[in-house]
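Trainee: I would like to go through this model with you and ask, for each label, what stands behind it.

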Amino acid sequence: MKKVVKTSSNSLDSYIEDNRMKIDEALVSLRLMKEIDDFLDDNKISQRDFAGNIGCSEAYISQLMAGTKKFNTSFINKFEKNYKLKIDFKIKTKSEYAVVSKMANSHIEININLIEVIRAENIFSFENKPNEFSEMNSNFITI
Amino acid sequence: MENFYLIHCCEDNKFRVYLNSSNSDLSKKFNEINRNSKLTNKFVLVIESVKANIANKSQFNWEASCEFGEIYAIKVDNHRFYTLVCKNQGYKDLFICRYGRKQTQQNDKKILSIINSIPKISIQKLLQ
C-alpha cells in the first residue's frame with residue numbers, strides 16, 4: 001500500500017522562495033527557448049547543428065535550454081539572420097497570456113482552467129465558426 | 001510499500017510535485033542534488049518551467065505513455081528523474097518515481113526497464 005504524506009515546508013519550497021526573482025528571470029529566457037526548441041523539433045535541426053549554424057558553442061545552447069544562461073539580443077539577431085525569421089515581441093495582459101498558453105502552426109492551446117473566466121469576460125466566442133479564426137504567419141514567432 | 005510525499009504545491013497553478021521516498025536510489029540522488037546549489041537551481045528551473053508550460057525537451061523529455069498519464073524525464077545534467085504526470089481533479093500532479101543516469105548505448109536496456117516499471121505502480125495506491 002502506497003501513501004501520500006504532506007509536508008508543510010521543505011527545502012525545495014524554501015529555495016524557490018529565496019530565489020524567486022532569479023528563477024523568474026530565467027523563466028523569461030526559457031519562454032523563448034521553448035519556442036526555439038519547438039522550431040528545432042519541427043525542422044528536425046539538432047542542437048549541435050543549431051549551435052554551428054548560429055556560431056555559438058553547443059554548451060552555450062545547452063545552458064540556454066537549461067535556463068542557467070539567459071539569451072541576449074546578439075543570440076536573437078544571429079537566430080533571425082541565419083533562419084530568415086522574425087521574433088515578434090508583443091505585450092499582452094496577464095489574463096490574455098494565461099488564456100492562450102501555446103500557439104503553433106497547427107493548433108492553439110488554451111488553458112482550460114480559465115474557460116469560465118473567459119466566458120464571464122466575453123473575450124471571444126466558443127462557437128465553432130471557422131471565419132472567426134485569423135491566419136497565422138508561420139514566419140513569425142510570438143513570445 | 002512505497003511512500004510518496006509532497007515536495008512542492010502551487011495552488012495558483014494547480015500544480016503538485018510528489019517524491020517517492022521508498023526508492024533508495026531516487027532518495028539518495030534527490031538529497032545529493034539538494035546539497036548542490038547549482039543542481040538544485042537546475043532542478044527547480046525544470047519544475048518551474050513545467051508549472052508554466054514552458055519546459056523544453058532538454059529539461060523535461062517525454063519518454064512514454066501509460067494508462068495513468070505520461071512519463072517524462074526531468075533532466076538535470078547526467079541525472080534523470082523519471083516522473084509520472086497525471087491530471088487529477090484539475091491539478092497537474094508530478095510523481096517522481098524512479099532515478100536513472102543519462103541514456104547511453106550501455107544503459108539503454110536498464111533505462112527502458114526503469115521506464116517500464118513505472119506503469120506498474122498503481123495510481124490508487126499512489127493517491128491513497
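Trainee: What share of the contacts in chain A with a separation of 6 or more comes from residues 24 or more positions apart?

Mentor: Residues 24 or more positions apart supply 54% of those contacts in chain A, where two residues are in contact if their C-beta atoms, placed from the backbone, lie within 7 Å. Bear in mind that this is a predicted model, in which local features need pLDDT of at least 70 and side-chain atom pairs count only at pLDDT 80 or more, while totals for chains, interfaces and linings use all residues. Residues are numbered from 1 along each chain as its sequence is written, and chains are lettered from A and ligands numbered from 1 in the order in which they are written.

Trainee: Why is H3(A) called roughly perpendicular to H4(A)?

Mentor: The axes of H3 (residues 47–54) and H4 (residues 58–66) of chain A come within 8 Å and cross at roughly 115°; because angles of 65 to 115 degrees count as roughly perpendicular (under 35 is roughly parallel, over 145 roughly antiparallel, the rest oblique), H3(A) is given that label relative to H4(A).

Trainee: Which residues bring H3(A) and H4(A) together?

Mentor: On H3(A), A:Gln47, A:Arg48, A:Phe50 and A:Ala51 meet A:Glu58, A:Ile61 and A:Ser62 of H4(A). The residues of this contact divide into three nonpolar, two polar and two charged.

Trainee: How confident is the predictor in chain B?

Mentor: On the pLDDT scale, which runs from 0 to 100 for each residue, chain B averages 90, and 94% of the residues score at least 70.

Key:
Axes fitted to C-alpha atoms, helices over the stretch in contact; angles between N-to-C directions. Helix = DSSP H or I, 4+ residues; strand = E, 2+ residues; numbered from the N terminus. Nonpolar A, V, L, I, M, F, W, Y, C, P; charged D, E, K, R; others polar.
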